[in-house]
Amino acid sequence: MSEKGLLIVVSGPSGVGKGTLCNALVKNIDNLFISISATTRPPRTGEVNGVNYIFMNQENFEEKIEEGQFLEWAKVYNNYYGTPKEFVIEKLKEGKDVILEIDIQGAAQVKKNCPNGVFVFIAPPSLEELRKRIINRGTDNEESINLRLKSAKEEMRASFDYDYVIINDDLDKAVLKLQSVILAERCKVSRNKDKILEIIGD
Ligand SMILES: Nc1ncnc2c1ncn2[C@@H]1O[C@H](COP(=O)(O)OP(=O)(O)OP(=O)(O)O)[C@@H](O)[C@H]1O
Ligand SMILES: Nc1nc2c(ncn2[C@@H]2O[C@H](COP(=O)(O)O)[C@@H](O)[C@H]2O)c(=O)[nH]1
């Protein structure tokens, strides 16, 4: 993809705080949008279709895979999750920046197709703190919590393939770090050449 906006991929183990960080970020930075994923996971209490996720059954999800409607998709903790292509491409073409909050398998697919993306890994200060966060969130049953924690170590090793690692210890500091990454990426020379040429009239 050679679009104008910045594609930011945020990954990290379940419960590390990706959603919390990204939601805080879009309030602070203009022209930044979070992609809404599709999933076959059943909605949690309070989750709204089209806001938190686009909820669908397995048959519909597999149809959309066949139709090539996903930028990336993966089976994560026994459910399908995927990024609808249309929204992301539309926003990037408009010059808007888009965040994908996705797992490490999806991130690897995006890296292949969109190497110009920015890849950020969010890590917990410790695995014990991660466990506390998932339990305290109160959204998952014991089986789901165990599955998510079991995957965390392997997911953490994947962080070595990312551009940035942010340890989400103090929330406000982690928000500032993620914000700094995005603002600095927006200032890269490669992203501003056209603007400079426009200013000097070339
Ligand atoms: N820095 C932090 N310190 C303490 N608690 C935090 C911090 N960041 C997030 N949390 C809490 O941790 C829990 C998990 O956060 P969140 O749901 O954002 O994680 P996530 O990475 O998006 O999870 P998932 O991948 O499962 O969607 C929430 O209850 C959130 O309030
Ligand atoms: N590959 C993708 N992974 C995704 C996408 N949307 C979310 N996710 C990942 O799923 C887990 C679990 O989410 P939960 O809401 O059930 O807690 C989460 O950690 C994300 O990394 C997606 O579109 N593609």
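Leaving aside its neighbours within four places in sequence, which residues is Val120 in contact with?

## Contacts of Val120

In this predicted model, Val120 is in contact with Ile8, Val9, Val10, Tyr162, Asp163, Tyr164, Ile166, Leu178 and Val181, leaving aside neighbours within four places in sequence. Two residues are in contact if their C-beta atoms, placed from the backbone, lie within 7 Å.

## Nonpolar core

The largest nonpolar core comprises 39 residues, and those with the most contacts inside it are Ile8, Val9, Val120 and Ile122. Strand S8 (residues 118–123) supplies the largest share of this core, six residues. Such a core is a set of buried Ala, Val, Leu, Ile, Met, Phe, Trp, Tyr and Cys residues joined through C-beta atoms within 7 Å. A residue is buried if 20 or more other C-beta atoms lie within 10 Å of its own. Strands (E, at least two residues) and helices (H or I, at least four) are DSSP runs, numbered from the N terminus.

## Annotated binding site

An unreviewed UniProt entry annotates Gly12, Pro13, Ser14, Gly15, Val16, Gly17, Lys18 and Gly19 as "binding site"; such annotations may be inferred rather than shown by experiment.

Gly12 lies in the loop between strand S1 (7–11) and helix H1 (18–28), and Ser14 is also placed in the loop between S1 and H1. Gly12 is buried because 28 other C-beta atoms lie within 10 Å; Ser14 counts as buried because it has 22 C-beta neighbours inside 10 Å. Not counting residues up to four places away in sequence, Gly12 touches Lys18, Phe121, Ile122 and Ala123, whereas Ser14 touches Ile134 and Arg148.

## Basis of the model

Residues are numbered from 1 along each chain as its sequence is written, while chains are lettered from A and ligands numbered from 1 in the order in which they are written. Local features need pLDDT of at least 70, side-chain atom pairs count only at pLDDT 80 or more, and totals for chains, interfaces and linings use all residues.

Methods:
A residue is buried if 20 or more other C-beta atoms lie within 10 Å of its own, exposed if 12 or fewer, and partly exposed in between; C-beta atoms are placed from the backbone.
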